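User: Please take me through the backbone and packing details of the structure shown here, one question at a time.

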Amino acid sequence: MYVRSFDPPPDLPVPLCPDLGLALQGGGACGAFTWGVLDRLLEERRFRPAAISGASAGALNAAVLAAGLAVGGHEAARAGLEALWRGVADMAFLKMMGAPGVHLQMDLMTRLVSPYQFNPLNINPLRDLLAGLIDFGSLGGRGRPALFISATNVRTGAPRIFRETEITVDVLLASTCLPYLHHAVEIDGESYWDGGFSANPPLLPLALDTLCGALLLVKLTPDSEEEVPTQAQPILARMRRIMFNAPLERDLDALAGMQAQLRRTTRRLPRDLVRLRALGLSTIAMPAELLGEDAGSAGLIERLRTAGRAAAEGMLQ
């Protein structure tokens with residue numbers, strides 16, 4: 001499903017707008033929905049985002065997309081994203097989550113034992129996968145998309161936004177670091193957790209620090225969920241979605257407030273404020289019915305990809 005909140009230039013779908021800013025929300029394995037969206041958009045030669053932001057799984061998609069575009073164009077980006085999510089699907093942890101009763105066992109274990117105890121060597125299979133997929137030296141530079149990757153400072157709770165030349169495997173591991181599963185990631189003497197806690201995804205940098213004329217948000221949390229959960233696991237899952245969606249709601253409110261103030265002014269505005277006032281935001285959102293599927297269920301990654309492709313197709317019509 002998608003919501004279109006502004007009118008694009010005639011005959012030009014939102015994802016193909018020039019100077020497009022692409023914001024990719026995090027959401028664990030649901031990031032495969034974003035893979036599907038990007039896979040379909042990359043079939044369009046005019047799809048070339050000027051800036052990309054991401055948190056958590058969105059950060060992985062953003063970095064692989066940007067690196068692929070830089071080193072080999074659209075087909076390299078598609079191949080990189082497929083390799084990323086096929087690699088994630090093959091990870092033993094994700095497969096284990098599909099076994100009966102494992103979710104409950106994991107929930108109990110992570111409440112009683114920290115990752116510093118059950119994973120003292122800090123083994124993270126994502127490290128090797130990302131190191132083999134991304135040419136970090138290709139990120140940034142003339143003609144390449146600006147990147148904004150978020151991680152959360154453990155000491156202050158504030159977001160840190162990493163830019164193109166700062167992005168490394170450790171930065172991506174920091175952006176995806178769930179503290180009940182992984183050790184905090186140390187960068188420049190500070191410890192970081194998942195970027196979804198503080199900027200999911202970084203939206204205001206796309207609006208304020210670039211010349212983007214349109215924004216496209218790929219959202220992994222629904223705008224509303226009608227059913228009130230009454231069982232322990234669905235309650236916890238809903239709480240986590242609300243928590244991870246809160247930073248985005250904050251940024252959306254801030255952007256709307258700035259634009260409302262600019263529309264009220266009668267003074268002549270500088271060009272960049274005129275751009276900000278007219279900046280449109282469109283959303284492709286993952287269907288709510290996909291939220292109930294087990295993270296480790298067979299075929300989930302492929303179903304999410306298929307749903308993402310369908311949602312992108314709808315926006316291109």
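User: Is Asp188 buried or exposed?

Analyst: This is a predicted model, in which local features need pLDDT of at least 70, side-chain atom pairs count only at pLDDT 80 or more, and totals for chains, interfaces and linings use all residues. Residues are numbered from 1 along each chain as its sequence is written, and side-chain values use heavy atoms, with hydrogens and water left out. Buried means under 20% relative accessible area, exposed over 50% and partly exposed in between, with a 1.4 Å probe and protein chains only. With a relative accessible area of 65%, Asp188 is exposed.

User: Where does Asp188 lie, and what is its phi?

Analyst: Helices (H or I, at least four residues) and strands (E, at least two) are DSSP runs numbered from the N terminus. On that numbering Asp188 sits in the loop between β6 (185-187) and β7. Most residues other than glycine have a negative phi. Asp188, although not a glycine, has a positive phi of about 55 degrees.

User: Which loop holds Ser56, and is Ser56 buried or exposed?

Analyst: Ser56 is a residue other than glycine with a positive phi, near 60 degrees. Its place is in the loop between β3 (51-55) and α2 (57-89). The relative accessibility of Ser56 is 9%, so Ser56 counts as buried.

User: Which residues are joined by a cis peptide bond?

Analyst: Most peptide bonds are trans. The loop between β7 (190-193) and α8 (204-208) contains Pro201. There, with omega at about -5 degrees, the cis bond joins Asn200 and Pro201.

User: How many residues of strand β4 are buried, and which residue is the bridge partner of Thr152 in β7?

Analyst: Strands are taken to pair if DSSP finds at least two bridges between them; β4 pairs with β3 in the parallel sense over 5 bridges, while 4 bridges join β4 to the antiparallel strand β5 (residues 159-162). Strand β4 (residues 146-153) is largely enclosed by the rest of the structure, because the buried residues number 8 of the 8. The pairing of β4 with β7 is antiparallel, over 2 bridges, and the partner of Thr152 in β7 is Trp193.

User: Which residue takes a positive phi in the hairpin of β4 and β5?

Analyst: Thr152 has Pro159 as its bridge partner in β5. The hairpin has 5 residues between the strands, and the residue with a positive phi, near 80 degrees, is Gly157.

User: At what angle do α2 and α6 pack, and how many charged residues does their contact have?

Analyst: Axes are lines fitted to C-alpha atoms, for helices over the stretch in contact, with angles running from 0 to 180 degrees between N-to-C directions; on this basis α2 and helix α6 (residues 126-133) pack at an angle of about 155 degrees, with their axes 10 Å apart. That makes α2 roughly antiparallel to α6, since angles under 35 degrees count as roughly parallel, over 145 as roughly antiparallel, 65 to 115 as roughly perpendicular and the rest as oblique. The contact (heavy atoms within 4.5 Å) includes Leu60, Gly80 and Ala83 of α2 and Leu126 and Leu129 of α6. Counting Ala, Val, Leu, Ile, Met, Phe, Trp, Tyr, Cys and Pro as nonpolar, Asp, Glu, Lys and Arg as charged, and the others, Gly among them, as polar, the contact has 8 nonpolar, 2 polar and no charged residues.
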